[in-house]
Amino acid sequence: MIRAFALFFAAVTLLAGADQARAQGFPGFDSRDIMRGGPNFFQGGSSPIPRATVYFNSNYAPGTIVIDTAERRLYLVLGNGQALRYGIGVGRDGFRWGGIHRISAKKEWPGWTPPVQMLARRPDLPRHMEGGIDNPLGARAMYLGSTLYRIHGSNEPETIGQAVSSGCFRMTNDDVTDLYSRVSVGTTVVVKN
C-alpha cells in the first residue's frame with residue numbers, strides 16, 4: 001500500500017513539474033510525451049525552431065517553397081507579404097546546393113534506399129529500410145525533380161537548424177506533415193545557397 005502511494009505521489013509530482021515547465025515557457029513541451037501519448041511522441045518531437053507565420057516580401061507566387069540554406073529555414077509563400085516559416089536541417093559542408101526544382105512525388109512513411117554515393121561513404125548503412133518511425137526519412141517525403149534530394153521528416157529532430165545531411169532538407173515529422181498537407185506535386189521549390 002505504501003509503495004503504491006509512493007508511486008502515485010511520484011507520478012503526480014512528475015506531471016506537476018511538467019506543467020510548471022510548460023508554464024515557464026519551454027516551447028513544444030507536452031507532459032503527455034513522457035507518458036507515450038502526447039502529440040509529439042510519434043511526430044518526431046517538437047522543432048527547436050518553432051513554425052511561424054512571418055513577414056516575407058518576395059516576388060514568388062503563393063504556394064512556392066523557398067529554402068534558405070544559410071538561414072536553415074524553409075518558407076511556404078502565402079502571399080500578401082507573408083510566409084509560413086519552418087526550421088530545417090540542411091546539407092553539411094560540401095553537400096549544400098542551390099537551384100529551382102518542382103516536387104515530383106510525395107510519399108507518406110517512405111522507405112529509404114541510400115544512394116550508391118552514400119553507401120560508398122557509409123558502408124555500414126542498411127541497403128534498404130522500410131518506412132516507419134525509425135526511418136531517417138520520417139513521416140513524409142517530397143521528392144525534388146529527378147534529383148536524389150528530398151524535403152523529408154526525420155527520426156532525429158534535434159538536428160533541425162544544423163548542417164548535417166547529405167543534401168536533403170530535414171524537418172520534424174510534425175512540420176513535414178503540415179507542409180505535406182499544404183503542397184502538391186508540381187509545387188516550385190527554390191533553393192538558395
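Okay, let's start at a turn: E2 and E3 make a hairpin with 4 residues between the strands, and Arg72 there takes a positive phi near 60°. Before I go on, this is a predicted model, so local features need pLDDT of at least 70 and side-chain atom pairs count only at pLDDT 80 or more, while totals for chains, interfaces and linings use all residues. Residues are numbered from 1 along each chain as its sequence is written, and side-chain values use heavy atoms, with hydrogens and water left out.

Quick word on terms. When I say strand or helix, I mean DSSP runs numbered from the N terminus, with at least two residues of E for a strand and at least four of H or I for a helix. Two strands pair if DSSP finds at least two bridges between them.

E2 and E3 run antiparallel, with 4 bridges, and Val66 has Tyr75 in E3 as its bridge partner. Then E3, residues 73-79, pairs with E4 over 6 bridges, again in the antiparallel sense.

Now zoom out. These strands belong to an open sheet of 9 strands with mixed pairing, in the order E1-E4-E3-E2-E11-E6-E7-E8-E10. Which strands sit at the edges? E1 and E10 (169-170), each pairing on one side only. Contact, by the way, means heavy atoms within 4.5 Å.

On to burial. I call a residue buried under 20% relative accessible area, exposed over 50%, and partly exposed in between, using a 1.4 Å probe and protein chains only. E3 is mostly covered, with 6 of its 7 residues buried. A nonpolar core is a set of buried Ala, Val, Leu, Ile, Met, Phe, Trp, Tyr and Cys residues joined through side-chain atoms within 4.5 Å. The largest one has 21 residues, and Ile65, Ile67, Leu74, Ile151, Phe169 and Leu179 have the most contacts inside it. Elements giving two or more residues are E2 (65-68), E3, E4, E7 (140-144), H3 (173-182) and E11 (188-192). Which element gives the most? That's H3, with 3 residues. Leu179 touches Ile65, Leu74, Leu76, Tyr86, Met142, Ile151 and Met171, leaving aside residues up to four places away in sequence. There's also a second, separate core of 7 residues, and Met118, Leu119, Leu125 and Tyr143 are among them.

Last topic: rings. Phe, Tyr and Trp rings (the six-membered one for Trp) pair if their centres lie within 6.5 Å; planes under 30 degrees apart count as stacked, over 60 as edge-to-face, and the rest as tilted. Searching the whole structure finds 3 aromatic pairs. Why is Phe56 with Tyr75 called stacked? Because the centres are 4.7 Å apart and the planes at 20°. Phe56 is in the loop between E1 and E2 and Tyr75 in strand E3, so this pair ties together parts 19 residues apart in sequence. Phe56 is buried at 15% relative accessible area, and Tyr75 is buried at 7%.

Trp97 and Tyr149 are stacked as well, 4.8 Å centre to centre with 20° between the planes. Trp97 lies in the loop between E5 (90-91) and E6 (99-108), and Tyr149 in the loop between E7 and E8 (150-152), so that pair ties together parts 52 residues apart in sequence. Buried or partly exposed? Trp97 is buried at 12%, whereas Tyr149 is partly exposed at 25%. Ring pairs link Trp97, Tyr149 and Phe169 into a cluster.

And some charges over rings, which takes NZ of Lys or CZ of Arg within 6 Å of the ring centre and within 35 degrees of the ring normal. The charged end of Arg92 sits over the Phe95 ring, 4.5 Å from its centre, and Arg140 lies over the face of Tyr180 at 5.5 Å from the ring centre.
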